[in-house]
Amino acid sequence: MTVQTRYEAVIGIECHVELKTRSKMFCACANEFGGEPNTKVCPVCLALPGALPVANAEAIRHMIRAGLAFGASIPAFSKFDRKNYFYPDMPKDYQISQYDMPLTLGGSVRYWLEDGTLKECKLTRIHLEEDTGKSIHGGGGDGRIAGSSFSLIDFNRAGVPLMECVSEPDLRSAQEAVGYLEALKRTFVQLGVSDVKMEEGSLRCDANVSIRPAGSTELGTKTEIKNMNSFRSVLRAIESEIERQIAVLESGSRIVQETRGWDEGQGVTHSMRSKEEAHDYRYFPDPDLVPIEVDAALIDELKKTIPVLPPERFARYRGYGMDPKQATQLVDNFPLADYFDACVAAGANPQASMNFVLSDLSRLANETGTPVNESAVTPEALAELVALVESKTVNSKIAKELLERMWAGEGSPKAIVEQEGLAQTSDTGEIERLIDEVLAANEKAATDYKAGKTNILGFLTGQVMKASRGKANPALVNELLRKKLE
Amino acid sequence: MNDVVKRSAAEIARDVNAKRISARDVTEAVLARVDEVDDRLGCYLTRLHDLAREQASRVDERVAAGESLPLAGVPLAVKDNMCLSGTRTTAASKILENWIAPYTSTAVQRMLDAGAVPIGKSNLDEFAMGSSCENSALGVTRNPYDLQRVPGGSSGGSAAAVAAFEAAIGMGSDTGGSIREPGAFCNVVGFKPTYGRVSRYGLIAFASSLDQIGPLTRTVEDAALAYDAMAGHDPMDSTSIDRPVEPAAPSLREDLEGLRIGIVKEFVTAKLGAEIDALYKRAYAELAKLGAELVEVSLPTADYGLATYYLIAPAECSSNLARFDGVRYGLRVDGADVGQMYEQTRAAGFGPEVKRRILIGTYALSSGYYDAYYVKAQKARTMSAQDFKKAFEHCDLIAAPAASSPAFEFDSKSDPYSMYMMDYYTIPMSLAGLPALSVPCGYAGTPAMPMGLQLAAPLFEETRLLGAAHAYERATAYAVEGAIAV
Amino acid sequence: MASEKIDVRYVAKLARIALSEDEAERFGKQLGDLLAHVNVLSELETASVPATAQVVESRNVERSDEAGPCLDRETVLSMAPQREGSFFRVPKIIGQP
């Protein structure tokens, strides 16, 4: 047993995700990334004296849909609370959040690892809150807060709707943490509740990490890791923190419960302890807002908007024989996955349509710049083509040609095949006639074959196929040729 | 003094709409009156000569164009915790001493739309915290009936301005009695509508779940006119009531036949001394003489109102006033870091009463005390509301004192709690969100100072309340013109 | 009910208000006195009483998700105690939120 395998990591993730809405959470300022500083602000999100919040209905619907997607329960009663603390990029010096009655409770996130193993991480809750403004730290410190002598604040982001997803400590490795985050991301994007652009800061996460002797059920002392700006940095930061904690325990010391910042450049976490005393957030119900009641009718209405979700698709695609990478790629390309599912729904053999979708159609889409789902090849048409191949009406070569023509807008493959007589022939007499012609024209090849150069068979098959204008059943050609030559 | 200034709002609006006098002429007369007396009285923190003239001209144009405006040309005092775009809006605090509001509060806008002319921004206790106006950091307001005495508070500037003919309507805000008590002290009508009737958008918050805007006027009819103009649903305030407002002005009555008026058993006026006891007994007898049936009702938790209020209001204010932090607007006192800047700014910017309330509220919400104080007070609030609900099963209105004493001399209440006791009779109605008003009911003390009778109605029964107050006012006429000292 | 002796310095720190020695003493006493007064609430039997956050009951007040106009940037920044270009400027920040 190595030092590493003697320990088990226990990881929980707190993740903040900006919701995709037209306006901010409590005012009508545009919810858009970037722009000139302090241009998307109004009395409400700038916390001018006298301004009052009014909740964005769409943000609440997004929350409920996100909860439903993870099988969370949606309490009938929910409310907003104030979380009181002073920070210069938080205009009111309290954040409107949800304390003891969040919009969603429980549920779980199903995710998978690179090797395709399916996993599950329970959710504690998802609650709705508002984002803060952004600070730029100046005067030394290279843009970091430590060492800076002043900060500049842009309130454009202040008040953007934000959901906080809190997981249970169900994750056991950095890979699982990333798998979990990827699952959150693809679900939110697919639901349309967030764009989840980490580079724009629309998904930010902190990880609670502890280790314990393998097999133990007690929790060790945890640290909270911040400043992870990409999934890659999540992976590296957690791995590094686990190693650090193992080294601390191995050296006979104890883990200190603290917040640690990930240093991307140095690849280590640093203690962020400061002299500030512990926070006392003094949560209380926001008297400027009224409670939210969610009735069964709304839940039913929103349930109908929940699409087929990634884990379900992934498992199904794996069952079709896709490898984990292919399945992930297709799952993450929602329009293409929808298209693929529509083909299957139209009766196409999944494996056969998978090959068309992942290779030929994706290539055509790349070449032409038209997404597959917007191309002239409807799922029904593709299902028709797949059926033609399945029934051996056309061979794969003709099928590829047909696909190109369908892409170009020539319509139903069945119609093309019928009109142009492209159906594959398995007429033994006809094929034998063609074989005779080819052998007559290639006497040397026939002789060579008989002399043991059996690899010439491929050439001869090709010649017969050519003579049939591609319509001959290649397997049958091969078989009959062999017979003839032996 | 031009007698125009003594006219009621109803008379002015009628005359301006009939083009018997221009809004501009009314405005000039009132501005002259302000310039004549306000250096001594100190009702206004900011005089709005230019804006008043502009608005008056606009009103004259609209009237000339054929419009009839309910408050055409009516001179208006705006309490300086209400935003009026382009004007200094201070909440009588050093922390906002030079802040120019970039937007207008809904209630003020509605008054302007109805044709009222803003004469000035009136003085108040800092952030509306107080009962005498002595907590204003920016000026002293004197009682027009005796310049050695306070005008009451927190809407003391508006009350005194209306009493002294410096406006016909004063806009006030009432959290625990801040319209009714100064109304009583200055011998004017002070009316607090049901919580949520008038939008709080643009009212600088003190305690969000209690704050309510209402008018101070010389007649009940004017209070009804002002209420009709300012009340109504506002989508910018989540706590604004979304139900139709029954116009009060047409329902004013001349008698109290058929009304049962409750006298609260627990409000023992004998405690207030023989003279005041006799005065209120006379007032109740006057109600009976007008046809009302007097019934004894009980508010068993009335004695707990003050304690309940002095936990809830400070708790909310501690959070509402966090935004005054020196970052975005208002006063900043520099410090070596942001934390020091906050502490120095708030130490210099807030007066002692505001600090006291922020501290008590912070304490009541802090970890370990939240349930014992804040939640306990919220439960006591429920009991207070239930008390009224039960009492109103036996009566249509409740009559009570509006304040514990007549206006007192400056600096005579050194102990905060004795000042808080001034609101003993008004706080229960505030906790229950009820509409309540004070109407002049005679004089007490030496020199004789005005007293107010408080009437309260069930939620949303403003029309009943104003109707009855009108009958009382017509029958008694205690607001004697000419008794004022300026 | 909790003790009436309150750590006024700790509370002032939470509320971000610097107190002089004199203020700390005066406020400490006044707050203690006030808490003694409000402690009468402990006489009320409230175990089965729901808490009232808002006295006029209302639910689900929401706005439709539409973007509207914002304040003009110069108006916004003209309020700033200290600005730098298009930003609000503050002294150095110590510690995380």
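Both A:Lys226 and A:Asp206 are buried, where buried means under 20% relative accessible area, exposed means over 50%, and partly exposed lies in between, with a 1.4 Å probe and protein chains only. These two residues form a salt bridge, with the closest N and O atoms 3.2 Å apart. By salt bridge I mean a side-chain nitrogen of Lys or Arg within 4 Å of a carboxyl oxygen of Asp or Glu. The pair links distant parts of the chain, 20 residues apart: A:Lys226 belongs to strand S13 (residues 223-228) of chain A, and A:Asp206 to strand S12 (residues 203-213) of chain A. Helices (H or I, at least four residues) and strands (E, at least two) are DSSP runs, numbered from the N terminus.

Before I continue, please note that this is a predicted model, in which local features need pLDDT of at least 70 and side-chain atom pairs count only at pLDDT 80 or more, while totals for chains, interfaces and linings use all residues. Residues are numbered from 1 along each chain as its sequence is written, chains are lettered from A and ligands numbered from 1 in the order in which they are written, and side-chain values use heavy atoms, with hydrogens and water left out.

Let me turn to the other salt bridges. Over all chains, a search of the whole structure finds 74 of them. In chain B, the side chains of B:Arg24 and B:Glu28 meet in one, at 3.3 Å from N to O. How far apart are B:Arg24 and B:Glu28 in helix H2 of chain B? They are four residues apart in that helix (residues 23-41), and therefore separated by about one helical turn. B:Arg24 is partly exposed, with a relative accessible area of 32%, and B:Glu28 is partly exposed at 28%.

A further salt bridge joins the side chains of B:Glu67 and B:Arg62, at 2.9 Å from N to O. B:Glu67 has a relative accessible area of 36% and is partly exposed; B:Arg62, at 27%, also counts as partly exposed. Salt bridges that share partners also join A:Arg82, A:Asp286, A:Asp288, B:Arg200 and B:Asp237 into one network.

I now come to the interface of chains A and B. Here 31 residues of chain A are in contact with 38 residues of chain B, contact meaning heavy atoms within 4.5 Å. The two chains bury about 2700 Å² between them, 59% of it on carbon and sulfur atoms. Buried area is the accessible area (1.4 Å probe) that two parts lose on being put together, summed over both. Two salt bridges are counted between chain A and chain B. A:Asp93 forms a salt bridge with B:Arg328, the closest N and O atoms being 4.0 Å apart. The side of chain A that touches chain B divides into 23 nonpolar, two polar and six charged residues. In this scheme Ala, Val, Leu, Ile, Met, Phe, Trp, Tyr, Cys and Pro count as nonpolar, Asp, Glu, Lys and Arg as charged, and the others, Gly among them, as polar.

Next, the interface of chains C and B. In this case 55 residues of chain C are in contact with 61 residues of chain B, and the buried area is about 5000 Å², of which carbon and sulfur atoms give 72%. In chain C, C:Arg16, C:Leu41 and C:Val55 lose the most area to chain B, together 12% of what that side buries. Two salt bridges are found across this interface. B:Glu343 forms a salt bridge with C:Lys13, with 3.0 Å between the closest N and O atoms.

Which element gives the largest share of the side of chain C that touches chain B? With eight residues, H2(C) does. That side divides into 36 nonpolar, eleven polar and eight charged residues.

Finally, the interior. A nonpolar core is a set of buried Ala, Val, Leu, Ile, Met, Phe, Trp, Tyr and Cys residues joined through side-chain atoms within 4.5 Å. The largest has 159 residues, and those with the most contacts inside it include A:Ile11, A:Phe188 and B:Phe127. Helix H2 (residues 174-191) of chain A gives the most to this core, with nine residues. Apart from it lies another core, of 132 residues, among them B:Ile119, B:Met171, B:Val198 and B:Ala469.
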